[in-house]
Each structure stands twice: as C-alpha cells, then as structure tokens.
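Please read them with the coordinates open.

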Amino acid sequence: MTFSKILIANRGEIACRVIHTARKLGYRTVAVFSDADRDAPHVMQADEAVHIGASPAAESYLRIDAILEAARKTGADAVHPGYGFLSENAGFAQACADAGLVFIGPPASAIEAMGDKALAKRRMLDAGVPCAPGYLGGDQSDAMLAAEAEKLGYPLLVKAVAGGGGRGMRLVRSTTELQSAIEGARREATSAFGDGTLMLERLIANGRHIEIQVFADAHGNAVYLGERDCTAQRRRQKVIEEAPSPVVTPAMREAMGRDAVAAALAVGYQGAGTVEFIVDDKLNHYFLEMNTRLQVEHPVTEMVTGYDLVEWQLRVAAGEPLPAQQADIKLTGHAIEARLYVEDPYAGFAPQTGTVLWWQPADALNAGVHGHGDVYAVRVDDGIAQGSVISPYYDPMVAKIIVHGRDRDDAIRRLRAALANTPLLGLRNNGRFLSDLVDHPAFRKAEMTTTLVDQWQEQGDALLQAPVPGDAVWRVAAMAMGGMEGWRGDNWRADSVAAFDVRLQCGDQVRNIRVRPDRHGGVALTLDGVTEDAKVLGFADGKLRYAVDGVTRNAIAVFAGTTLHLALDGHSFVFAEVSPFPDADARKDASKARSPVAGKVTQVLVAAGASVQGGQQLVCVEAMKMEMWLCAEAAGIVQAVHAKAGDQVESGALLVELETLRDRPSALSSTD
C-alpha cells in the first residue's frame, strides 16, 4: 500500500494541517478547490492544485467524480478526506479503492457500519455498550417520528443519522416544537450530508460530552489515546475542547477506552476514529456515535500524548503497524482548543462574511513543532490569511487556537493570552466570547453542560452581552481616526496644530473626543471634560504603538475605508466617524425585512397580500450551514416579496416589504 502523492479532498484548516505533516514525511500533496477558494491558503501550500467546481459544496467538494478526476490528472495515489464533506461517505471510500487509490481512513465497510448513527447504535446495543433510549426505525414518516417522540417523552433530540458537528440536530422540549425540528433537521442534513434520514434520542439532562480517540491498524492492533471533553457547546456544536477531561477518573478512562476499542474492533476498523459518549451527572456514560475520521479537536490529544495523529494516519494507511502500543501511551499536562468562528456571539451567533483585514497568528506562537516528545505552548491551526475573503458557502470555523499547559489553570491562562494575541479583524467573530467562556466560573469549576451556553443565550447572560469600549479605547480610536490624514510615517501630526473634534460611533454608542495636537508629536485628548496627553510612537502595517501618561502600549488598528477596526487588550471593536448627514436607510425600518447574512434562501413563507404578526417567520436564509429566520418586526400586510427559494442573496438585501399596521391611518383611528 505504498503511495507518494496525497490528494486532500477538503479545504481550509484541515487541508493545511494534512499538507504540513505530509510534507514533513516526504509526500507530495494535491489540493482541490472551488471557485470561492481559488486563492485560499490550502491551494497555495500544496504542491499542485486542481479546480473541481463552483462554490457550493454540492458542486465541488461533494463531487466524487471531480475529486477522482483530479487524482487521475495529477497522478495522486492516495486520498486524505479530512473531516466533513465526504470524509464519512462509504461510497467515496469505496470509489477511491475501486480507482486504485489508497483511502487514508477506515474501510468502506467500517464507515457504513458506524457512519449511520442508528445502525451504529444497534451494534453497540448488541455489544452491550450502554446507549441512551431512542428511535432507530426505518419508517421516516412525520407521523411515525411524532408517535415515537411521544413514547420517549421530552426533552429529546432529533438527529441526522449521517454527518456530525451538530448539523442536522435539534433539541425539542415539547410536542409543539417537534414538527419544525423534524423539518429543519431533515433539511439541514440533506444540505450538509446529502442524507435527511433522522433518529430520535432521549436527552440526557445536564450531560457532559466526552469522547475517546481510538486508532487501529491492519495488523489487529487497536489503542485508545485518552479522552477529550467537548462539553462546552452551542446548539450541539462544539466550541471548546480539552484533554484530559476534568471529571474523568483513571478507572472511568479505562472503562470508556475499553468500550471504544471494542467498538472499533467489532467493525474491522482501521485508522483514526472517535467514539463519542454522553456522560450524566452520576458519571454514567452512554454511547452517542462513532466518527469514522479525524476529529476537529484532535490537536488536544496530540498535545497531551506527544503524537502526530495525521502521521499515524499516513503510516497506518501505508500498511505499517501502530507507532505505539497501549502501555506506551501517557497523558502529560493539559491541553485546550478554542474554535474561532466568524459568528457574532452578541447577535445570536449570526454568521459573518467579508474580508480578513488582520490575521497574524504567528504573534501568538511561542513553542513547539509536530512530533513525539515535543513540548507545545501555543499552536494555531488555520485555513485563512490576511486578505482572505470569507464566503457564505462553508462552515464558519476559520481557525483553532490550541494551548498546552502544566495543568488546567495553566492552560486556561495561556489560552486567554493566545486569544488576545491573535485578533481576527474585518469580520465579527467569537474570539472575545471564547476568552470569557474559559474564564467563566462554570467552566473553571468543570460545571459545564452541553446546553448551558444555550441557556445563557436565552436568559441574556452577561457573557453574551457585547463588550463596551472604555474611555481608554475611545481615546486610542480617536488618535487613529484623527491621524488618518495627518500621518507622516515616523510621527503623528495633524495638518495644523488647531484642535478639532472627532465624533465616533461604536455599536450603539456615539461619543465626541476633542483632539489638540502639539508641535512635538503629542496630542491632548479630551473626553467628557477629562484631558490626557498621548503620543503615537509608531504606526505601520496596522501596528500602533503609543504612550499615555508615560505608559507605552500596543494596539492593532486597521481601516476598511473610513471604518476603524481596533484590537486592544484582548478586545476588538469597530469604530466609524459619524456623518453629519445620517443615512435614512441605515435606520431600522420595520417595513423592510432585509437578509441578516449573505447566503441562500431556503424557504419563503409569505406572499404579497398576506397578513403577518410581529415575530412571524417570513424567509429562511442558510449561510455557513446555519439556518437563520427573518421575522416580521411588527404586524402588517406583505406588499412585495423579492426572493424565492434557491436565490443567493447578499447581506442586507431587501427580501420582503411590508406595510405595518402602525403606518396605516385606519390602524391609528378608534373604532366607531
């Protein structure tokens, strides 16, 4: 099973990750790319690259024929599927084998056995592995699912049998929520995985999500490499992962590891896989599913074991035995991974699209390279670069920040520092939220559950309230904005020494700062009657170095037109200078329903002439595999609908026009 050139049938950070290890081991690599990814980092890093189709995944990364043709054209003799897309598609694995390609993953039979969550659960029940109660039947009618849901009781989960990553999964608390959950999960699963088959599962209340990393070779060897705690989730999508789990004892680790290895051997597994468990508040574990691929969160296992799991994948695929046996595997220290998403956590986690204005992950790195025995401090796995354009077609995760510490507190401290040192500017993202989350008492005390973040969102917890810039931040913004036209390279000056006002807006706040430059490169900044003297010491390539009251500090300041994106002390803010001529269209207008994101319209529930109530769903837009509903701001009559299912729309596009009842004279007059 020798091979020399690997085609990576994926994109983004996992493609870059595989290229890194493949190059280290002496393999040549081939990238594939869609229209949207023509200039993506994984394309630039690979030795060769092949265009495989249009931007939507169904027309590119999910096209088996295009990927096999790319392998033929380049002479690639092996395929690494990464995760997501076709990574757990048994048909793809078999097609690779039929084409004479080495599939760097388990055999198609194992993917088929474990890739279908319902089938996998049946196998686990037969093997005596504890499973949560549920419905695994083949009858997929809405009526049957509703009947089985009533038998199970609420709350429960509606889950797609294919795929993973929280896609095609809905939490249902009552009968009234079931139908929309079934429809949404089925639609999302079909879009993401091409399979809308569903199963039902009793919700384990206040559960922890703990998974076991397993590895098997073609020689009958199988091991587990400890556990990962993935309990910090939002809408069943992992946000923070850590190894080892803060609640798992050595005896529990051994029991879960034994079950996981038995599950892998039962299906003739080879390569990397993950057996996921839900753990209740009494630390009983129940089988959830097996992911027949490398996991997004594999770096934390690499950090605490010292092994490169992609290297293990390549060696096993080449027919070599596992590089280590169970007795060799030791866990050292504590590792935490934070997933950086281009989502706005302070606006319902709405996905974001646009251009990356600042991304310099090297600023966060301070130790470590791949390989057994290496010591890491900070690692950043990413698939973007400064100037990258983030499109609405793919998952919103753009990078992972991973740290390794002596213990858990050490790792948390290092992660917060790494997040502060790795700002992503240009798109709203969850960087600050991640830092606040790992510092939250519930996380520090290991009291997280899989639904706690969702509960905080419903309750309006302070963790999900947008940070407000303090006076010091406003002053720095004024220095940067006020110096735009007067910057002269090695010093900061306005074109004259006269004082001037800078009126800035950040979010809903608007403040006025008086700026008075002097002839020595300094500036006096007056805010709310308080004046401080400051001086810009350097401002080049986005790096602002300044002094206030004798203390020198650093910030990142980049402009998109006249809009300032500022990163300071672990916070990121967007400032704009307030125009004296406000844009009427910028004001919130209940009569115009606009798309919250750039994406694809999947449903239109209203037509011209229809009456709607405030809060009623109008149009569903899918972006980055997330469905977002556009709702009526107030009761009214639909005047026009400007989109239909299947349309691609830009953020802010006008989709529905309404005449609100409060705008109708008849609605304001009293009834005779």
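**Notes on the predicted model**

1. Helix 11 has an N-terminal cap from aspartate 308, with a side-chain oxygen 3.0 Å from the backbone nitrogen of valine 310. The coordinates come from a predicted model, and the points below should be read accordingly.

2. The buried set consists of Leu309, Val310, Glu311, Trp312, Gln313, Leu314, Val316 and Ala317. Just after the helix, glycine 319 adopts a positive phi of about 95°.

3. A count of aromatic pairs gives 11 for the structure. In one of them, the ring centres of tyrosine 307 and tryptophan 312 are 5.0 Å apart and the planes meet at 55°, so this pair is classed as tilted. Tyrosine 307 and tryptophan 312 are both buried, and tryptophan 312 is also among the buried residues of helix 11.

4. Elsewhere, ring pairs join Tyr61, Phe85, Tyr393 and Tyr394 into a cluster.

5. Two arginines sit over aromatic rings. For arginine 234, the charged end is over the ring of phenylalanine 349, at 4.1 Å from the ring centre. For arginine 408, the ring is that of phenylalanine 443: the arginine lies over its face, 4.6 Å from the centre.

6. An open sheet is built from 5 strands in the order 3-2-1-4-5, with parallel pairing. Its edges are strand 3 (48–53) and strand 5 (102–103), each of which pairs on one side only. Within the sheet, strand 1 (residues 5–8) is joined to strand 2 (residues 28–34) by 4 bridges in the parallel sense. Isoleucine 6 faces threonine 29 of strand 2 across this pairing.

7. How many disulfides does the model contain? With a cut-off of 2.5 Å between cysteine sulfur atoms, the count is 0. Cysteine 620 takes part in no disulfide, and its nearest cysteine sulfur, belonging to cysteine 631, is 9.8 Å away.

8. Are cysteine 620 and cysteine 506 buried or exposed? Cysteine 620 is buried, at a relative accessible area of 0%. Cysteine 506 is buried as well, at 10%; the limit for that label is under 20% relative accessible area.

Technical notes
Residues numbered from 1 in each chain as written. Predicted model: local features only at pLDDT ≥ 70, side-chain atom pairs only at ≥ 80, totals over all residues. Heavy atoms only, no water. Phe/Tyr/Trp six-rings, centres within 6.5 Å; stacked < 30°, edge-to-face > 60°. Buried < 20%, exposed > 50% of the residue type's maximum accessible area, 1.4 Å probe, protein only. Lys NZ or Arg CZ within 6 Å of the ring centre and 35° of its normal. Pairing = 2+ DSSP bridges. Helix = DSSP H or I, 4+ residues; strand = E, 2+ residues; numbered from the N terminus. Polar contact = N/O pair within 3.5 Å; in protein donor to acceptor, adjacent residues only side chain to side chain.
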